[in-house]
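Open the model in your viewer and keep the selection panel at hand.

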Amino acid sequence: MTNIKAILTALFTVTFVTSPLLTDPFSGFRADQLPIPQIAPPVQPAGYAFAIWGLIYAWLVISAGFGLWKRAGDPAWDRARPALIISLLVGTPWLAVANSSAVWATILIFVMAMGAIVALLQAPRDDYWFFAAPVGIYAGWLTAASFVSLGSTAAGYGVLTDAMGWAYLGITGAFVVASAITYRTGSAPYGLTVIWALVAIIVANGTENIMISATAAAGAALLLGLIAQRRASGRTAPS
């Protein structure tokens, strides 16, 4: 009998990947969703960066299909599946939630990110390109996106500081988490995806917000160095 965890992973991968077809597009919180409207907040990457979702969706589908077909009863895959299922389950309605509530969208995207990160930490040693790599890219983008959502929402409610302050806090938070996970897992796909987001923040801010760009550049450079160090030490896959 096919493992229920493999079935649920495939099922919620399909619902997650197809969910954009069932809701309005989302390109950031609308002005009327926050007390202090956030128009192009400095913590937000340039629009082109969101194209990575195409790769994430495609690779997750391949991973789920391979897992259902070839690794349905594999204990190593099963160990990582529950956390991934939670992330995909919460992620399925996320776009609809984001179009109605910035606060709930922020809460849910952190749940998604935590689930994806736990799945990466528990990823099987074998089948790297069928599990750890796609989940790493997914978790990396969610790591960056969760802090973008937090920065936009907190600034929109005037918590502690303004949009510029939250851009620094968001970039720093994403970098700290990404560094810890990259060091622990040695996952180049994870780290490079966070770098992708940081570079897109540089592109979005340019020289207009030069210190924001410099902060993101420093984070990207340090993460790249950490990835290189982990590769040099032979630690390139999750344990």
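Which residues of H5 are buried? This is a predicted model. Select Ala-102, Ala-105, Thr-106, Leu-108, Ile-109, Met-112, Ala-113, Gly-115, Ala-116, Ile-117, Ala-119 and Leu-120, the buried residues of H5.

Next, show the whole of helix H5, residues 102-121. Its 20 residues, at 1.5 Å a residue, should span 28 Å, and the distance between the end C-alpha atoms is 28 Å, so the two agree.

**The largest pocket**

H2, H4, H5 and H6 each give two or more residues to the lining. Colour H6 to see the largest share, 7 residues. By class, the pocket lining has 19 nonpolar and 7 polar residues, with no charged ones.

**The cavities**

How many cavities of 30 Å³ or more does a search of the whole structure find? The search finds 2.

For the largest cavity, about 60 Å³ in volume, select Val-43, Ala-144, Phe-147, Val-148, Gly-170, Ile-171, Ala-174, Val-194, Ala-197, Leu-198 and Ile-201, which line it. The elements giving two or more residues to this lining are H6, H7 and H8. H8 provides the largest share, 4 residues. Colouring by class gives 10 nonpolar residues, 1 polar residue and no charged residues around the largest cavity.

Then move to the second largest cavity, with a volume of about 30 Å³. Its lining residues are Ala-6, Thr-9, Ser-63, Ala-64, Gly-67, Leu-68, Trp-77, Arg-81 and Phe-131. Two or more of the lining residues come from each of H1, helix H2 (52-70) and H3.

Which element gives the largest share of the lining of the second largest cavity? H2 does, with 4 residues. By class, this lining divides into 5 nonpolar, 3 polar and 1 charged.

Notes
Residues are numbered from 1 along each chain as its sequence is written. This is a predicted model: local features need pLDDT of at least 70, side-chain atom pairs count only at pLDDT 80 or more; totals for chains, interfaces and linings use all residues. Side-chain values use heavy atoms; hydrogens and water are left out. The expected span of a helix is 1.5 Å times one less than its number of residues. Buried means under 20% relative accessible area, exposed over 50%, partly exposed in between (1.4 Å probe, protein chains only). On a 1 Å grid over the protein atoms alone, a cavity is a set of points where a 1.4 Å probe fits but cannot get out, and a pocket is an open set with protein on both sides within 12 Å along at least five of seven lines; lining residues have an atom within 4 Å of a point. Grid points are joined across faces, edges and corners, and a volume is the space filled by probe spheres set on the points. Ala, Val, Leu, Ile, Met, Phe, Trp, Tyr, Cys and Pro count as nonpolar, Asp, Glu, Lys and Arg as charged, and the others, Gly among them, as polar.
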